[in-house]
Amino acid sequence: MERRDFLKSAAVLTAGFTTNANIFAASSNKIAANDKIRMGFIGVGNRGSELLGLFMQQPDCEVAALCDVYEPYLHRDRSKVNERWLKDLTDKIPKMGEKFEKRPKLYSDFRKLLEDKDIDAVCIATPDHWHAYITIAAIKAGKDVYCEKPLTSTLKEGRKMVEAQAASKQVVAVGINRRGNIAYQKLAQEIHAGKIGQITVGRSSHISNLFPNGIGKMQPEQPPKDFNWDMWLGPRAYRPYQYNIAPYKFRWWGDYSSQMGNWGVHHIDAMRWLMGETAPTYISAHGGKYVLNHDGDIDDTAFVTFEFASGKIISYCIMEATGGGMFPYGELELRGTHGVAYAYEGGYRIRPTSAGQFQNWNKHFEEISFDNKMKLLGDASSADSTTGLIRDFLDCVKSRQTPLCPLEEGHRSTSFAHLANIALATKERLHWDAVNERFLNSEKANEMLGYEYRKPWTI
């Protein structure tokens, strides 16, 4: 099968949520159905602690090991957390104090954790720039992997991860939450059955008013003595520690993350899944760092358009200098010839469209509503969505089937964020070859697909 045809088939299979059959299934199960899966957790800060707590709710999960570069997180001791961190980032500092059935092994270096033959699978919730290296290392060590989104910090890393998995028998799942959400799963069935007709446009956004000071302006300083800053930087170029980079605020620095990656991956993944698309053909963008007076180097205002060979369009925007909502309901909008769908993790509304000029047909259906009562995590994301992905991952570790969000799908959705950021940086309308994963009209843009890792790290 040609790679182009395979990718199209894989996208349709995943989008329909009709099967979990794995065409790359291992020949035999690694873990018996009734056995506990021994999990190692790499990165147990803000998001890592949320994932740890949700994994612990599953009766067949055993927390076998923890790994972090910050000692209070590793030892689960909030009383030892830097007082400045506690004061400024209260809701982003994990509560900790978990009650483990067995005392987990503690590692300050993930490489030592991966050498542990007793560990079956790992959960990776480090900053984004570490995801690729650790995932590939875990695959080579024979571990199954649950990797938090966004999958990568560059597009080339994603393909390296997919290639590493293809050469193995490991199960790899990506934590793009809406794939595990019942509201989105039900909406997918409605959309793919043709409820809103032929879709032309999908729209979504991330809106958060950080005016005027954003993450602030600060000077380099000495890192806390119990925080391994050099290991935190990992493959990225060395720079002195700065308080408004870590913890958490790395989301506003292009070397480590972006809001396109942080939020855009969630929303764009949902839209392309519902619309049945794999990758865009053209990308164009407008925006800049217009308003926020802070050190963060990503754009505070950005509007990106993704054009597909099918004629569909996805529009995504970042607005971090204003507040409020964008739609009458939910977080995204899909526009079709018969109706318009609005959705978020808490439910959806499908509203019939009316006839335009020169048309006299009646509406195609009555409004459809679905509400999903969900539990929220500290970051206001849905615990139920993440739990759905975690439960599915653990089941797949035992069955060797494909997760709801497999590595190729996670890579494709994360690629949208990278393509958006590159289009914003170049100010060009970029022509994308999704098979060879190269730009056809910009060598400047191609130079931004990856970066040279700092020694000794390499993939």
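Ala302 stands opposite Ile318 in strand E10 of this predicted model, where helices (H or I, at least four residues) and strands (E, at least two) are DSSP runs numbered from the N terminus. The two residues belong to a pairing between strand E9 (residues 301-307) and E10, which run antiparallel and are joined by seven bridges; strands count as paired if DSSP finds at least two bridges between them. E9 and E10 make up a hairpin, with five residues between them. Gly311 sits in that turn and has a positive phi of about 100°.

E10 (residues 313-319) has another partner too: strand E7 (residues 199-207) runs parallel to E10, and seven bridges join them. Here Arg203 has Ser315 in E10 as its bridge partner. E10 is mostly covered, with five of its seven residues buried. Buried means under 20% relative accessible area, exposed means over 50%, and partly exposed is what lies in between (1.4 Å probe, protein chains only). As a bit of background, side chains in a regular strand alternate between the two faces of the sheet.

A word on the ground rules: residues are numbered from 1 along each chain as its sequence is written, and side-chain values use heavy atoms, with hydrogens and water left out. Because the model is predicted, local features need pLDDT of at least 70 and side-chain atom pairs count only at pLDDT 80 or more, while totals for chains, interfaces and linings use all residues.

Next come the charged pairs. Side chains of opposite charge can pair when their charged atoms come close. The structure holds 34 salt bridges, each being a side-chain nitrogen of Lys or Arg within 4 Å of a carboxyl oxygen of Asp or Glu. Glu333 is buried, at 2% relative accessible area, whereas Arg203 is partly exposed at 28%.

Lys312 and Glu277 meet through their side chains, at 3.7 Å from N to O. Lys312 is in the loop between E9 and E10, and Glu277 is in the loop between helix H10 (259-275) and strand E8 (282-288), so the pair links parts that are 35 residues apart in sequence. Lys312 is buried, with a relative accessible area of 18%, and Glu277 also counts as buried, at 11%.

Elsewhere, Asp77 and Lys80 meet in a salt bridge of 3.8 Å, N to O. Asp77 is partly exposed at 25% relative accessibility, and Lys80 is exposed at 55%. Salt bridges also link Asp60, Arg391, Asp395 and Lys398 in a network.

Phe211, Tyr290 and Val291 make a nonpolar surface patch of about 340 Å². Patches are made of residues with over 30% relative accessible area and no salt bridge, joining like charges within 9 Å and nonpolar side chains (Val, Leu, Ile, Met, Phe, Trp, Tyr) within 5 Å. The accessible areas come from the Shrake-Rupley method with a 1.4 Å probe, and for residues only the protein chains shown count as cover. Val291 is in the loop between E8 and E9 and is partly exposed, at 36% relative accessible area.

Most residues other than glycine have a negative phi, and most peptide bonds are trans. Phe358, however, has a positive phi near 70°; this residue is in the loop between strand E13 (347-352) and strand E14 (368-371) and is exposed at 78% relative accessibility. Lys427 also has a positive phi, about 60°, and lies in the loop between helix H12 (407-426) and strand E15 (430-433). The peptide bond from Ala246 to Pro247 is cis, with omega near 5°, and Pro247 is in the loop between helix H9 (229-233) and H10. Another cis peptide bond joins Lys455 and Pro456, with omega about 10°; Pro456 is in the segment after helix H13 (443-446).

Where pLDDT is low, the predicted coordinates should not be read in detail.
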